[in-house]
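Please open the model in a viewer and keep the selection panel at hand. The stops below are to be taken in order.

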Amino acid sequence: MNMEFPTPLIENLPISIGVYYDDDLRNFTYNETVSDGSSWTIELGQNNTRLFDRLFGAMFSRTTRVDDIENGPDDIQAIIQPILEEYAFLTPNELGSRFYAVSIRYRLILYDTAGTELADWPINAYGQSRSGIFNAGRGKTGPLQNATDLAMRDAAAGAIVSLPTQPEILALINGEQINAESNDNQ
Amino acid sequence: MLKVMTTNRFLRVTVLCFVVTTLSACVTARIEEARHTATGISKGEAVVILTQRQNVDYQTEDGFLQCLGDELKGGINLRGEREFMDQLFPWFEPSHAPTHADALRVLLARPGVPERITETGVRYLVWVDGTTQTVDGGGNLSCTVGAGGAGCFGFQWWENDSSYEAAIWDLKSVEHVGTISADAVGTSYLPAVIVPIPIIARTKNAACGGLAKQLREFLVADPLD
């Protein structure tokens, strides 16, 4: 699957953020054999990084890729790490309808520059796509790719709507110190 | 001799195909319009047709949207749904799209959104919802294939209901300016004596044509009317 995501139409938040992608996210592959016996392999690694590069690039005034979560560069305020916790899909046969449905659950984890976890936010997303006469059935990836694309767009939309209202993000915007203790008390 | 037989067979097949493709059953269509305020569209202003995509049970068929777009093309400047959604990403994604005029006002207050809409040239959003369903049916038809040939015998019928609604939003006045609904019902028949001859009630086409015609009149109406 090779997907492209549009640039979000948003004002960026005045925060300098480091972005960390672990190997699980960069190489994410999902395998499943569904009830009709067909086997599916979904490779989302590159699409994950493409999605979050596009999302964070528009959302924050400055982003830097970091390779080590415990040693962030001095010119960033915090580090954010997206994790793909769950990917699932249903075929039209399983769903009893004419649609492929995809659900994705990401988790965005916020760290300080020393790697201490400050906050985390789940992002649940959903996408569905109609199976046509010529693009349904075994080996036909079109509708499933489309449903996955819609689910990933939905995830980005969810992050865009929810992140700017999070107390930790507001604290970063205001240049306030966030510490793990205050996060634990919430 | 062989040539004559071939020509006759060709003629028979052609006539049969003509009969099969031109036979259509009766369709009863009802178009209703509710106008809340005056409308009108200027040269350079565009329309985008959007669909509700969150319902797991049904979704307006791509074929219907294609038909609606084709019917509206002449004289009305149409923008593609995906193109519009990409340009305004993520504000028209299914789970975040405005569902009423107040939400549209909030969206239009977001930085960059009015400017981008101006760039697209879109004046009217047309939210289309609805589907075609088979609501009743019956009969029995069986086909057999043997050494001597193949044939079908029997009779089947089914009733289709195509029900669609278009809610029109004006981005200039930021108002829901009206709603048009199209409901077409018809019964299709499939009698078969050796060869099945479908007599199809094209309810979806009727709903599409009626909705497009009414939508065109609605959008281009003289503001002074």
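Predicted model: local features only at pLDDT ≥ 70, side-chain atom pairs only at ≥ 80, totals over all residues.

Residues are numbered from 1 along each chain as its sequence is written, chains are lettered from A in the order in which they are written, and side-chain values use heavy atoms, without hydrogens or water.

**Pockets**

Select Arg53(B), Glu61(B), Asp62(B), Gly63(B) and Leu65(B), which lie nearest the centre of the largest pocket among its 40 lining residues. Elements that give two or more residues to this lining include helix 4 (142-162) of chain A and helix 6 (203-220) of chain B. (A pocket is an open set of points on a 1 Å grid over the protein atoms alone, where a 1.4 Å probe fits, with protein on both sides within 12 Å along at least five of seven lines; lining residues have an atom within 4 Å of a point. Helices, H or I of at least four residues, and strands, E of at least two, are DSSP runs numbered from the N terminus.) The lining comprises 9 nonpolar, 19 polar and 12 charged residues.

Next, select Ile10(A), Glu11(A), Ile160(A), Pro164(A) and Arg110(B), nearest the centre of the second largest pocket. Its lining has 9 nonpolar, 2 polar and 2 charged residues.

**Salt bridges**

A salt bridge places a side-chain nitrogen of Lys or Arg within 4 Å of a carboxyl oxygen of Asp or Glu. Select Arg123(B) and Asp170(B), whose closest N and O atoms are 2.7 Å apart in such a bridge. The pair links strand 4 and strand 5 of chain B, 47 residues apart. (Buried means under 20% relative accessible area, exposed over 50%, and partly exposed in between, with a 1.4 Å probe and protein chains only.)

Now select Glu45(B) and Lys172(B), a salt bridge with closest N and O atoms 3.9 Å apart. Glu45(B) is buried at 16%, whereas Lys172(B) is exposed at 60%.

**Surface patch**

Finally, select Phe153(B), Val193(B), Ile194(B) and Val195(B), which form a nonpolar patch on the surface. (Patch residues have over 30% relative accessible area and no salt bridge, and nonpolar side chains, namely Val, Leu, Ile, Met, Phe, Trp and Tyr, are joined within 5 Å.) Strand 6 (residues 175-196) of chain B gives the most to this patch, with 3 residues.

Technical notes. Patch = residues over 30% accessible without salt bridge, like charges linked within 9 Å, V, L, I, M, F, W, Y side chains within 5 Å. Areas by Shrake-Rupley, 256 points an atom, 1.4 Å probe, with all protein chains shown as cover. Nonpolar A, V, L, I, M, F, W, Y, C, P; charged D, E, K, R; others polar.
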